[in-house]
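Keep it short and grouped by topic.

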Amino acid sequence: MAKLTLDDLRKLREEKQKLLEKRDPSNKDAQIIVGMGTCGIAAGAKDTFNAIIDELDARGITHVLVRQTGCMGSCHSEPTVEVVTPDMPSVIYGKVDSGTGKRIVDEHIVNKHMIDNHICDKPSMDIVSEPGK
Amino acid sequence: MAYKQYILVCGGTACESNQGIALFAALKKAVEENGLVNDVQVVRTGCLGFCEKGPIVKILPQDTFYVEVKPEDAEVIVKEHLVKGRVVSRLLYDKNQSKRNVGIEGIDFYQKQFRIVLRNCGVIDPDKIDEYIARDGYKALEKALFEMKPRDVIDEISKSGLRGRGGAGFPTGKKWEFAAVQPAGQKYMVCNADEGDPGAYMDRSTLEGDPHSILEAMTIAGYAIGADTGFIYIRAEYPLAIQRLETAIKQAREYGLLGKNILGSDFSFDIEIRLGAGAFVCGEETALLASIEGNRGMPSPRPPFPAVKGLWGRPTVINNVETLANIPVILLKGNLWFSKIGTASSKGTKVFALTGKINNSGLIEVPMGTTLREIIFDIGGGIRDGKAFKAAQTGGPSGGMIPPQFLDTPIDYENLSKIGSIMGSGGLIVMDEDDCIPDVTKFYLDFTVDESCGKCAPCRIGGRKLLNYLARICNGEGALEDIDQMLAISEAMSRASLCGLGQTASNPVQSSLRYFMDEYKEHIVDKKCRAGKCKNLLSYNINTEKCVGCTACARVCPVNAIAGERKQPHVIDAAKCIKCGQCFEVCKFNAVNRS
Ligand SMILES: Cc1cc2nc3c(=O)[nH]c(=O)nc-3n(C[C@H](O)[C@H](O)[C@H](O)COP(=O)(O)O)c2cc1C
Ligand code: SF4
Ligand code: SF4
Ligand code: FES
């Protein structure tokens with residue numbers, strides 16, 4: 001890639017922003033995002049990552065993008081996996097070993113229901129006072 | 001078939017033990033009775049981090065958060081909320097805010113407001129520069145290079161009130177200003193990613209999750225002070241962070257965001273990584289610079305400050321990772337936006353690494369001025385196994401212990417120092433009733449004494465002496481006069497040590513003597529350790545009335561100190577006992593006494 005000028009950078013940003021908004025890189029409408037910081041990897045996030053990809057391949061599912069990201073902050077329940085699909089609220093699962101990774105594909109992606117006992121969520125916004133107000 | 005709504009029921013220990021199981025069943029039943037089984041899924045979650053107000057129920061996708069829900073409430077939640085779409089305000093945490101709870105926008109607002117430093121962590125793929133760019137990455141650099149003079153950048157940062165997050169809390173704008181006003185010539189920008197506090201990993205996570213934010217901030221700082229070279233000093237024990245930084249630097253160079261004539265401007269800047277060997281003292285700025293120069297990592301007296309005479313004698317700004325992560329956001333959103341967050345003297349947010357006896361250990365980012373109670377009980381989910389909170393240590397091993405009476409103190413630089421602790425870099429260690437204060441203090445001192453570089457006497461000798469006194473007290477050999485000696489040595493160390501390591505090493509001693517004198521006295525006078533941690537102060541014996549002669553203790557005792565026939569009371573031979581405590585743990589009849 002050649003060095004960018006100011007205009008190039010702005011164009012690139014706009015382009016990528018659209019992709020991010022649509023969450024649709026190359027015809028994929030769902031994402032499984034695996035937390036791969038040191039904490040996640042130490043807890044086995046790499047196995048989880050691979051298990052999810054294998055399971056998707058085995059079932060011939062192509063509309064799901066599997067991505068990595070950094071630490072989400074919930075180190076007590078690593079590995080953590082966020083699932084974003086168009087027809088369900090996004091959720092974060094905690095303590096996802098490779099078996100649970102497979103269940104995410106089977107239950108959440110294919111059968112469209114959430115997995116009992118693995119959701120790892122935060123309280124809502126109204127319990128901590130808002131800053132800047 | 002997809003569900004339309006979801007009821008999340010907290011299945012954490014605290015909520016489950018508070019009728020949570022019955023609540024789960026009641027909600028399932030109500031959903032069935034109202035004919036919603038195909039539309040609504042009822043799921044159990046892990047602890048939602050708000051145990052004090054449990055049982056907790058959350059409805060998705062509306063993201064309504066109900067607290068203290070009883071099984072009897074199941075019916076109304078289903079009938080009102082799920083069927084009619086009306087929020088049950090009496091079950092909300094803030095009963096007057098029913099409107100805000102319905103919309104999802106409110107939640108986005110909340111999340112973005114709090115995550116300044118960690119804004120991209122857990123959101124973008126750190127190995128992809130395009131994802132960073134898509135989330136307004138390098139836009140602040142654009143603004144600085146093409147719309148602002150170096151002077152304006154410094155003004156913006158000064159006005160925002162940002163203070164260094166590496167420990168000392170020095171105003172960042174002022175530091176940049178010092179270096180900027182030095183005569184033009186070679187200057188350097190250094191990022192301190194040494195992060196030596198045990199239990200702290202905020203900087204590591206930021207670098208791993210969002211490496212480009214640090215590169216962008218360093219480039220902006222370089223532009224502001226007139227530096228063309230930057231160094232990131234990072235410990236070799238952070239291989240993943242180093243790898244992600246290397247990838248990020250390579251990508252930024254390819255895009256022309258680092259290197260000659262950035263984005264076609266006249267400004268050139270490049271960054272190199274320098275690996276540290278993991279000595280705590282090398283996080284101190286003068287020692288760090290010595291280490292980059294290839295010398296032994298030992299502090300030297302200031303002034304001259306690095307901003308005047310730093311690397312190879314040239315003006316150098318050193319900033320912590322977290323400090324830097326704030327910079328692009330401040331430039332984009334403006335100093336006014338930033339200075340509205342936080343308290344009068346401390347602006348913005350602080351990232352903490354929550355560890356110790358807490359349910360939800362992990363990384364959190366909260367506005368300055370949040371109280372310890374909110375952090376530990378609301379966000380951290382409270383103390384593990386329902387034990388009692390004893391103290392929290394901020395600032396890692398060089399911080400102080402904060403006792404329960406200050407749980408409601410808003411946390412900022414000034415308040416922490418008033419109560420004898422420091423902000424430090426953000427390690428926050430929670431202690432419960434099972435922690436012995438003199439023992440924990442000894443643990444921290446052990447660390448700082450080990451890490452002292454030995455250059456100056458107060459730290460080298462004082463630290464060792466403090467440690468000896470603490471060891472004596474924990475062994476039951478302490479005397480009351482020791483306490484006066486410890487106070488005097490602590491005072492001398494904080495005043496006369498050359499660098500921050502020695503100056504702060506006695507903080508745990510001073511604060512624990514201030515707030516937990518009774519525990520020290522118990523160790524010294526009564527020869528007792530209430531937490532059961534100090535082995536020499538413990539003795540084990542078996543209550544012959546309770547003992548049923550199951551032989552469990554005799555079998556686990558590693559030194560065969562327990563004798564007794566099957567079905568007959570057992571006895572411990574105190575002369576043989578090494579006080580390992582295994583018999584105490586294993587006895588199912590509470591027959592083993594520890595005192
Ligand atoms: C013993 C000791 C260890 C330190 N370790 C670190 C560290 O790991 N990371 C850090 O950023 N600052 C550390 N500091 C503080 C630095 O000396 C310096 O104040 C800081 O990097 C300045 O950046 P800031 O103004 O952005 O906070 C340490 C200080 C002392 C005395
Ligand atoms: S205070 Fe301790 S670490 Fe700092 S220079 Fe003196 S001996 Fe070295
Ligand atoms: S404390 Fe340990 S050594 Fe002593 S009697 Fe019990 S098991 Fe044996
Ligand atoms: S157990 Fe339910 S909020 Fe912690």
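Predicted model: local features only at pLDDT ≥ 70, side-chain atom pairs only at ≥ 80, totals over all residues.

Residues are numbered from 1 along each chain as its sequence is written, chains are lettered from A and ligands numbered from 1 in the order in which they are written, and side-chain values use heavy atoms, with hydrogens and water left out.

Ligand 1 sits in the second largest pocket. Around ligand 3, the shell has 10 nonpolar residues.

**Ligand 1: shell and contacts**

- Ligand 1 is surrounded by 18 residues. A residue is near a molecule if one of its heavy atoms lies within 4 Å of it.
- Gly166(B), Lys175(B), Glu195(B), Asn320(B) and Thr323(B) are the closest.
- The shell around ligand 1 splits into three nonpolar, nine polar and six charged residues. Ala, Val, Leu, Ile, Met, Phe, Trp, Tyr, Cys and Pro count as nonpolar, Asp, Glu, Lys and Arg as charged, and the others, Gly among them, as polar.
- The side chain of Asn320(B) has an N or O atom 2.8 Å from an oxygen atom of ligand 1. For the side chain of Asn192(B), the distance from an N or O atom to a ligand 1 oxygen is 2.9 Å.
- Arg165(B) takes part through its backbone: a polar atom there is 3.3 Å from an oxygen atom of ligand 1.
- Taken alone, ligand 1 exposes 620 Å², and the protein buries 90% of that (Shrake-Rupley method, 1.4 Å probe).
- Strand S8 (316-320) and helix H20 (500-505) of chain B each give two or more residues to the shell around ligand 1. S8(B) gives the most, with three residues. Helices (H or I, at least four residues) and strands (E, at least two) are DSSP runs, numbered from the N terminus.

**The second largest pocket**

- On a 1 Å grid over the protein atoms alone, a pocket is an open set of points where a 1.4 Å probe fits, with protein on both sides within 12 Å along at least five of seven lines; lining residues have an atom within 4 Å of a point.
- A molecule sits in a pocket if more than half of its atoms lie within 2 Å of its grid points.
- The volume of the second largest pocket is about 1,200 Å³. A volume is the space filled by probe spheres set on the points, which are joined across faces, edges and corners.
- This pocket is lined by 46 residues, and Gly166(B), Gly167(B), Ala168(B), Gly283(B) and Glu284(B) are the closest to its centre.
- S8(B) supplies the largest share of the lining, five residues. Helix H8 (172-180) and helix H16 (413-418) of chain B each supply at least two.
- By class, the lining has 16 nonpolar, 19 polar and 11 charged residues.

- Ligand 2 has 13 residues around it, and Cys453(B), Lys455(B), Cys456(B), Cys459(B) and Cys499(B) come nearest.
- The ligand 2 shell holds eight nonpolar, four polar and one charged residues.
- Residues around ligand 3 include Cys557(B), Cys577(B), Cys580(B) and Cys583(B). Lys579(B) and Tyr540(B) are also among them.
- The ligand 3 shell has 10 nonpolar, one polar and one charged residues.

**Backbone**

- Glu78(A) and Pro79(A) are joined by a cis peptide bond, with omega near -10°. Pro79(A) is in the loop between strand S2 (64-69) and strand S3 (81-85) of chain A.
- The bond from Pro303(B) to Pro304(B) is also cis, with omega about 0°. Pro304(B) is in the loop between helix H12 (285-292) and S8 of chain B.
- Glu68(B), a residue other than glycine, has a positive phi near 45°. Glu68(B) lies between strand S4 (64-66) and helix H2 (74-84) of chain B, in a loop.

Terms used: Polar contact = N/O pair within 3.5 Å; in protein donor to acceptor, adjacent residues only side chain to side chain.
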